[in-house]
Amino acid sequence: MRRREIAPRPNWAEEIEALGFDFNALDGIPYWHESACYSFSADEIDIVEAAANELHRLCLLAVGRIVAERLYPRFGLSPAVAALIEASWAARQPAIYGRFDLIYDGTGAPKLLEYNADTPTSLFEAAIVQWNWREQVFPQSDQFNSLHEALVERWNAVRPQLTPGQELLYVTCTTPNAEDETTVQYLGATAIEAGYRCKFIPIEEVGWDAGRRSFVDLDGLPIRRIFKLYPWEWLVREQFGANIARSAALFLEPIWKMLLSNKAILPILWEMFPGHENLLPAYTDPAPLGDRPSVRKPLLGREGANVSIWDGRRMVAETQGPYAGEGYVYQAFAEPTSFGGVHCNLGAWMIGDTCHGMGIREDDGLIMGNASRFVPHIFE
Amino acid sequence: MTGLRPLALRALGLAPLLALAGCDQDTPALRIYPNVEACQADYNAEDCAKAFAGAQAAHATSAPTYPALDACEQIYGPGGCMPRGDLGVAPSFMPIMTGFLIGQALAGVTDRAYQPIYVDRQGMAYAGGSVIGTYRRDCIGNTCTSGTSAYIFASGNSGHGGFWSGGRYTVHTMSTHSWFSKPFSHSSSSFTEHSSSVSRGGFGSIAHAIGRIGS
């Protein structure tokens, strides 16, 4: 694995915009970055792929245990939400996708930082934008990326659970939000390619018809299945949250994924599989880590917010944010992969239960956030 | 590792969706009309009156409905809402119709030739239950007609004009309106399932309080 400084395409901005990628400069900071790329060997890619598949398997085992032992208080979940999770898990409601954030430098085993199992973004960048870049810049090289084909296949595989008859699949996110809209637009496009009928509705406009006990669109038509790029922990707390149990709507991602997107999963994985080569030690309180460098993460943090890095008893880095209220977990600090002062994480994409691709984020700081750069990769 | 196969859509990104939906990328602006007079700059008086009446009728029966003025104004902004008169049961509120657009139904789906337009407080324009673009009152180039019409930038940003329309109808720029020689469809609207017990605005509040979603 190495980081290569390369010349960007002279017209790269037009190229990515032509693909529909219109949120490149967040707050003026370029987000797509092709003045560099990461280059891997095929063996290294195999290691990342195997690690993601293994971690997903461990996560499903952990969900089974959490439900069986009713460990919901550790996640801050109410009995009403736990009941929804249990029903969703018992029915094995289908999932579409998720993203593991891993630390890996080409040596040793990739380590899990967290599982973005509920509302992952950067999918369009990984599936389409970096693929388009590879075709133009490194047509002879390969890329770990069968995301598009896998998504279409996944929609086909879950059809029996989703679309009896010819009913619509709704997709929703908050608006206006270019990044989220592009993600759901792309997911909708893959569903359409798989033969679905799809309709977008801003989440603010989802209606509740009390008489019919159904969520409805702006035409009053019932919403029976909906992909929401919106965190479950917010859905269940908002005004319509109680209606989720009253409705017969099927949600994607399913609510059982709340157990994986919550950082409380990290200590549970470490309890169940201590010393596993793809896991970092993680605990619900800082004492077991002693003077080891550690990272404190909020249970429901997003975009790298409210994360702090501790060197023994001294805080060495911290991000601000709105997610401080729900408690923390403490994870052993993993030395980030660095190339000349640039730090990077791998995002390993699960489609269904299989890893199908990778995207890389890098940042000058230690903590990846929303503005961390997306850098393409190849392997040979 | 899975072998890689080039795919048309992958190669082209989201652009085909826009093309399918009839969004001319050279002229992404879609004109909407606040009233019949503004419409008459482009169409004859009879067709404009018909379109305006159709949009108004759809507005009266199918505008998004909110149980409280606050809930409505949270989305459409202060002054963006009005009481709704036809429900009779509980007080309810709906957004003001900002204007109307003239569109063409896609083959095989519900015909709909005109739509009321709503614009939320963040400048997003809605028609037929979908976001169709970003609304601006500014004129473009030399096509502004004394401030009476406005524009929706339907495809310049995220391609709202395509996929967002949900496959139900498509909208046309003024440069490609040969379809307009066809008579308007008068098929009944699809609002038969409209119910008086619908409330809205019950999701999204935390996102708007915090500001960002993805992870």
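Here are some notes on the predicted model above, point by point.

1. **Ground rules.** This is a predicted model in which local features need pLDDT of at least 70 and side-chain atom pairs count only at pLDDT 80 or more, while totals for chains, interfaces and linings use all residues. Residues are numbered from 1 along each chain as its sequence is written, chains are lettered from A and ligands numbered from 1 in the order in which they are written, and side-chain values use heavy atoms, with hydrogens and water left out.

2. **Two domains.** Chain A splits into domain 1 (2-262 + 339-379) and domain 2 (281-333); the bounds come from an automatic or database domain assignment. Their C-alpha centres sit 24 Å apart. Contact (heavy atoms within 4.5 Å) involves 16 residues of domain 1 and 16 residues of domain 2.

3. **The interface.** The two domains of chain A bury about 1300 Å² between them, with 53% of it on carbon and sulfur atoms; that area is what the two parts lose in accessible area (1.4 Å probe) on being put together, summed over both. There are three residue pairs in polar contact between domain 1 and domain 2, both residues at pLDDT 80 or more. A polar contact here is a pair of N or O atoms within 3.5 Å; within protein, one must be able to donate a hydrogen and the other to accept it, and residues adjacent in sequence count only if both atoms are side-chain atoms. On the domain 1 side, β6 (111-116) and α7 (232-235) of chain A are the elements giving two or more residues, and β6(A) has the largest share, three residues. Helices (H or I, at least four residues) and strands (E, at least two) are DSSP runs, numbered from the N terminus.

4. **Salt bridges.** The rule wants a side-chain nitrogen of Lys or Arg within 4 Å of a carboxyl oxygen of Asp or Glu. Elsewhere, Arg3(A), Glu5(A), Glu362(A), Asp364(A) and Arg373(A) are linked in a network.

5. **Glu271(A), with two partners.** Arg65(A) bridges to Glu271(A) at 3.6 Å between the closest N and O atoms. Glu271(A) is in helix α10 (residues 265-272) and Arg65(A) in helix α2, so this pair ties together parts 206 residues apart in sequence. Arg74(A) bridges to Glu271(A) too, at 2.6 Å. Arg74(A) lies in the loop between α2 and α3, so that pair ties together parts 197 residues apart in sequence. Glu271(A) is partly exposed at 42% relative accessibility, as is Arg74(A) at 28%; the classes are buried under 20%, exposed over 50% and partly exposed in between (1.4 Å probe, protein chains only).

6. **Phe75(A).** This one is in the loop between α2 (42-69) and α3 (79-90) of chain A, and is buried at 3% relative accessible area. Beyond its neighbours within four places in sequence, Phe75(A) is in contact with residues including Ile66(A), Leu259(A) and Ile268(A).

7. **Glu125(A), worth a look.** What is the nearest side chain of opposite charge to Glu125(A)? That is Arg361(A), 6.0 Å away, and the buried Glu125(A) has no salt bridge; Lys and Arg count as positive, Asp and Glu as negative, with His and the chain ends not counted. Glu125(A) sits in helix α4 (residues 123-137), and its side chain makes a 2.6 Å polar contact with that of Tyr31(A). Among the other residues touching Glu125(A) are Phe21(A), Trp32(A) and Phe374(A).
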